[in-house]
Amino acid sequence: NNNNNKENLGFHLISYLLDDKETKNKETWSENDTISDIILYLIAGHGTTGHTIAWTLYFIATHPEIQKEIQTEIDLIIMKEKEHLNDFDHFLPKSEHFSNISLLNACILESMRMKPVSANGTGRIMKKTVEIGNQRYLKKGQVVNCAFYAVHMSENIYSDALLFKPKRWFQISASELTKECKYLPFSVGPRNCIGQSFANFELKMVLIYILARYNIEMADKNQIVEDEVLDVEE
């Protein structure tokens, strides 16, 4: 019974996609369409999430004082879980822990600001000609590209934009900045990333698991990655 499956904790995304096929027009929806959807969910988000995990760990490794604070947050979670654990090896993160990792959450936001997956942004075709000031126009039919990296590196939006400062997110709201098109790791609007909730869940689960068990250091402390700053005309 599909309804019973949906209420079961074991019901998952692939089951949903297979079940959803039954509600679609069978004449136009094929098994290959379902397979394509499954590949999109499982593969498209794999490298992108891995990109953000890698950069977040890099920034944490190069800021050991921040790493210590994050591990203190995680240690407090483990202390509360101790009575339910046979030993530490059985500790696994839960979604209910996410509200107790404020600094790690901030590090993820800051990592996505500085190293967004879609750094070059996204393009759109103008449906009509629009004047943008000083007798400059975006003409109908032109392709307009918004470079997310350039937005994220703007000193008009973020003070010390070139610096990794995760605690800035204690004073500003990512959701509000996204509405204003000033923070765009998942783009914005009706065509934003459909997998952002799943990606955020993965990021937090993996990073808590790693940082609960390991201290992260640079293999070669002389090989610090330098930012290449785009020269953006204001």
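Me: Which residues does R168 touch, not counting residues up to four places away in sequence?
Reply: R168 touches E110, R113, Y158, S159, D160, A161 and L163. Contact here means heavy atoms within 4.5 Å. Keep in mind that this is a predicted model: local features need pLDDT of at least 70, side-chain atom pairs count only at pLDDT 80 or more, and totals for chains, interfaces and linings use all residues. Residues are numbered from 1 along each chain as its sequence is written, and side-chain values use heavy atoms, with hydrogens and water left out.

Me: OK, and where is R168?
Reply: R168 sits in the loop between α6 (148–152) and α7. Those helix names come from DSSP runs, numbered from the N terminus: helices are H or I with at least four residues, strands are E with at least two.

Me: Is R168 buried or exposed?
Reply: R168 counts as buried, because its relative accessibility is 11%. The cut-offs are under 20% relative accessible area for buried, over 50% for exposed, and partly exposed in between (1.4 Å probe, protein chains only).

Me: D160 was in that list. What's its phi near?
Reply: Phi of D160 is near 50°, a positive value in a residue other than glycine. Most residues other than glycine have a negative phi. D160 is also found in the loop between α6 and α7, and D160 is partly exposed because its relative accessible area is 35%.

Me: What about the phi of S187?
Reply: S187 is another non-glycine residue with a positive phi, near 65°. S187 lies in the loop between α7 and α8, and with a relative accessible area of 17% S187 is buried.

Me: Switching topic: how many helices and strands are there in the protein?
Reply: Eight helices and four strands. From the N terminus on, the order is α-α-α-α-α-β-β-β-β-α-α-α.

Me: Tell me about a strand residue. Where does V144 lie?
Reply: V144 is in strand β4 (residues 143–146). V144 counts as partly exposed, because its relative accessibility is 27%.

Me: What does V144 contact, leaving aside its neighbours within four places in sequence?
Reply: V144 is in contact with T122, G123, R124, M126 and L138. Take T122: V144 and T122 are 22 residues apart in sequence, and their C-alpha atoms are 8.3 Å apart in space.

Me: Now the inside. Which residues touch the most other members of the largest nonpolar core?
Reply: I70, L104 and L211, out of the 40 residues in that core. A nonpolar core is a set of buried Ala, Val, Leu, Ile, Met, Phe, Trp, Tyr and Cys residues joined through side-chain atoms within 4.5 Å. The elements giving two or more residues to this core are α3, α4 (64–81), α5 (102–114), α7 (174–179) and α8 (196–213).

Me: Why would those be gathered on the inside?
Reply: In soluble globular proteins, nonpolar side chains tend to be buried together.

Me: And which residues does L104 touch, not counting residues up to four places away?
Reply: L104 touches I60, I70, E73, L207, I208 and L211.

Me: Next, N105. Which helix is N105 in?
Reply: N105 is in α5. At 19% relative accessibility, N105 counts as buried.

Me: What is N105 in contact with, leaving aside its neighbours within four places?
Reply: F98 and K204. A polar atom of the N105 side chain lies 3.0 Å from the backbone oxygen of F98.

Me: Last one: what share of the protein's residues is buried?
Reply: Buried residues make up 32% of the 234 residues.

Key:
A polar contact is a pair of N or O atoms within 3.5 Å; within protein, one must be able to donate a hydrogen and the other to accept it, and residues adjacent in sequence count only if both atoms are side-chain atoms.
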